[in-house]
Amino acid sequence: MPLLKRGKASLSSSSLSRVLVHMETDSEESPFSSSSSSEGEEEEDGRVSDDEDEGNDEEAVEGEEEDRAKKRKAPITISLKKVCKVCKGTGHEAGFKGATYIDCPRKPCFLCKRPGHTTMSCPHRVATEHGVIPAARRNTDTSLDYIFKRQLKAKIPMIKPTFVIPDQLDCGIIRFHSRRVTCLEFHPTRNNVLLSGDKKGQLGIWDYGKLHEKTVYGSIHSCIVNNMKFNLENDGLLYTSSSDGTVRCTDLETGTSFFLLDLNPEGWNGPATWRMLYGMDINVEKGLLLVADNFGYLYLVDGRLKTRIAGPIVIHKKGSKVVGLHCNPVQPDIFLSCGNDHFARIWDARRLEAESSLASLAHGRVVNSAYFSPLTGNKILTTSQDNRIRVWDSIFGNLESPSREIVHSHDFNRHLTPFRAEWDPKDPSESLAVIGRYISENYDGVALHPIDFIDMSTGKLVAEVMNTDITTISPVTKLHPRDDVLASGSSRSLFIWKRRGGQCPEQRLLEAKSKKIVGRVEKKSSGKLNGESDDDFNHSSKEKKLKAKNLDGKYLSGQTKAKP
C-alpha cells in the first residue's frame, strides 16, 4: 500500500483500479503452483500412472498453463524514479523547465562548460564580457603592419561611433515557409526585398516594404538550402547551394533554375557516397563560385561558363563536413573555411593544394561559421559549438590563439539551424556583431530567446532584441548592408526589426496604418505548401494551437509588444 499512496497522485482512477486488480490477482494462489502440480501427477486411487500416462498428463497441464497465461494480462509497473535528460541517470532531473535550465550534477555548467557552478549562477550569463581580456597592443615594424596602417586602417575611424540597434519589431510573416528557415539574404539593389531558404529546399521572396508581395518557389532544391549568393553582373539571378549536392542558378522573376554543379548525378546510392554542399561564396574579382561538401572537398565553379573548373581539393580532414566559406573583402583570393574537424583555415586560392593552408585556427568543437571583417578584412570572427565566439584582431599577427573568447549560449542538440555570429556590415569600427541566443530567459513570466548584439572589441552585450509574442528561437539573423534593419528567421516565420524612433512621427503614423504582421502565405508558384509541422518545435500540440491563435490574433490587428 505505500507504493499505491505514492503513485496515486499521478494516476487516474481507472489506472489505479487496474493496478489494484492486478495486485489482487498476483496475491491469489496460482492454480499452477507446485502443490497443485504434484497433486495432478497422482491418480484418484493413489496409484502413480505409467510413463506414457505421466507424459500425457504433463503435456496437458503445460498446454493449460500456456492458454491461461495468454489470457492473463501483464501487470502494470509504476516507476517513480526521476530520470535525467542529460546523462540518462536516475534520482535527479536536468534540462529546461520553462525558462529555467536545470544543470545535471554530473556535468559542468551548460553555458561556459566549466565545473563549480550552475548555468543559472554562471557569471557569463550576467556579463558576456566576464573574463574577456583585450588583446595587447602590437608594437612591431614589419612590412605587413606598414601596409595595413597605410591602406586598411585608414578606413577605421579613430573615435568609435555609437552603435545603431534595430530593436523594434516592425513587421513579419507567420509560417511563411513549410519547414524551418535556414538562410537569409537581402537583395543587393532593392532595399525592401528579403530572400529566404528553408529545410525543404524552397526559396522565398518577400517585399516587406509592401508586406503582401511575397512568393515561394517550391521546386528549386529537394532538401536544405544552405547558402544564397547573388550574381555580380545580374541581380535578378541567385546562386544557391543545397544538401542535395547541387548548385543552381535561379531567375527570381520566373522561378526557373538550372544546374551549375551536381555532385550526385547517379542519384541516391547510400549515405557513404551522397555529397552535400554547405559552404559557398563568390570571388568578386574573378567571378568564381567556391563551394565545399560534407567530405572535406572544395570545388571551383565558373558561373559564366556554367561548369566546374577545379576540384575536388581537400581543404579539411577527409570525411568531415565543410560548413562555411568566406572570401576576404579586400583580397578575394584569400578565403576562410570552417568545418566539423574543429578548425577554421585560411587559404590562398592562387595555390590551392592539400595541407597548404596559410593558417589553422583551432577550436574546441565544431566551427559553425568564420567571417573576415566586412571593411578591411583584417579581423576574423568565428562561432563554435562549444558556446564560444572567438575574435582575431589581426590576420597579420599570431594566429595560434584568439585575441578574445566570448562565452555565449548557442550550443544546441538538434532540430535547429546552427547559430552564426555575423559582423554588422555598416559598423565602421568593425566591432559589432549579431547572433541569436539558445538558452531562454524569463521576462515577466514569459520564456524568450533574445537576439544579442555584442561588442567584439570588449565582449560586452550591447543590446538584446526581443518581443513578447515571439517565444521561439531565432538562430538565423541577417543585418541589412545599407539600412538599419535586422531580419530574423524563427522556425518557419520571418520578422523585420527596425530602429526604435528612427523615423519622423508622421512617417511612423502612416506606416502604422498599413504595416502589420500577416499570417500564412498563399502558394504563388510551383511547389506544395502544406501544413506539415517542423521538427524545431518542442511544444505540445495544444500549446502550438494556443500560440498560433495568440500570434495571429495580435499580429493581424497590428498590436505588437516590444521590450523597452
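Trainee: Let's start where Ile346 stands opposite Ala359 in β19. How do you know that β18 and β19 pair?

Mentor: Keep in mind that this is a predicted model. Pairing takes at least two bridges between two strands. β18 and β19 (residues 359-362) have four, running in the antiparallel sense, so by that cut-off they count as paired.

Trainee: Why is β18 called largely enclosed?

Mentor: Because five of its six residues are buried. Take Arg345, which belongs to β18 (residues 343-348).

Trainee: What does the side chain of Arg345 make a polar contact with?

Mentor: With the side chain of Ser360, at 2.8 Å. The limit for such an N or O pair is 3.5 Å, so this pair passes on distance. Beyond its sequence neighbours within four places, Arg345 also touches other residues, including Ile315, His316, Phe335 and Ala359.

Trainee: On to the rings. Why is the Phe110 and Tyr438 pair called tilted?

Mentor: Check the centres, then the planes. The centres are 6.3 Å apart, and the limit is 6.5 Å, so the rings pair. The planes stand at 45°. Stacked needs under 30 degrees and edge-to-face over 60, so tilted is what remains.

Trainee: What parts of the chain does that pair link?

Mentor: Distant ones: Phe110 sits in the loop between β2 and α5, Tyr438 in the loop between β25 and β26, and they are 328 residues apart. Both Phe110 and Tyr438 are buried. They also belong to one aromatic cluster with Phe412 and Phe419.

Trainee: Then what makes Trp206 and Tyr208 edge-to-face?

Mentor: Their planes are at 65°, and over 60 degrees is the cut-off for that label. With centres 6.0 Å apart, they pair too, since the limit is 6.5 Å. Trp206 and Tyr208 are both buried.

Trainee: Which charged end sits over the ring of Phe110?

Mentor: That of Lys113, 4.5 Å from the ring centre. Arg248 does likewise over Phe259, at 4.2 Å. The distance limit is 6 Å, so both meet that part of the test.

Trainee: Last one: why are β4 and β7 called edge strands?

Mentor: The sheet is open, in the order β4-β5-β6-β7, with antiparallel pairing. β4 (181-186) and β7 (213-217) each have a single partner strand, so one side of each lacks a neighbour in the sheet. Neighbouring strands there are turned by 15° against each other on average, direction ignored.

Trainee: How do you know that β4 pairs with β5?

Mentor: Five antiparallel bridges join β4 to β5 (residues 193-198), and at least two are needed. Phe186, for one, stands opposite Leu194 in β5.

Key. Residues numbered from 1 in each chain as written. Predicted model: local features only at pLDDT ≥ 70, side-chain atom pairs only at ≥ 80, totals over all residues. Heavy atoms only, no water. Helix = DSSP H or I, 4+ residues; strand = E, 2+ residues; numbered from the N terminus. Axes fitted to C-alpha atoms, helices over the stretch in contact; angles between N-to-C directions. Buried < 20%, exposed > 50% of the residue type's maximum accessible area, 1.4 Å probe, protein only. Lys NZ or Arg CZ within 6 Å of the ring centre and 35° of its normal. Polar contact = N/O pair within 3.5 Å; in protein donor to acceptor, adjacent residues only side chain to side chain. Contact = heavy atoms within 4.5 Å.
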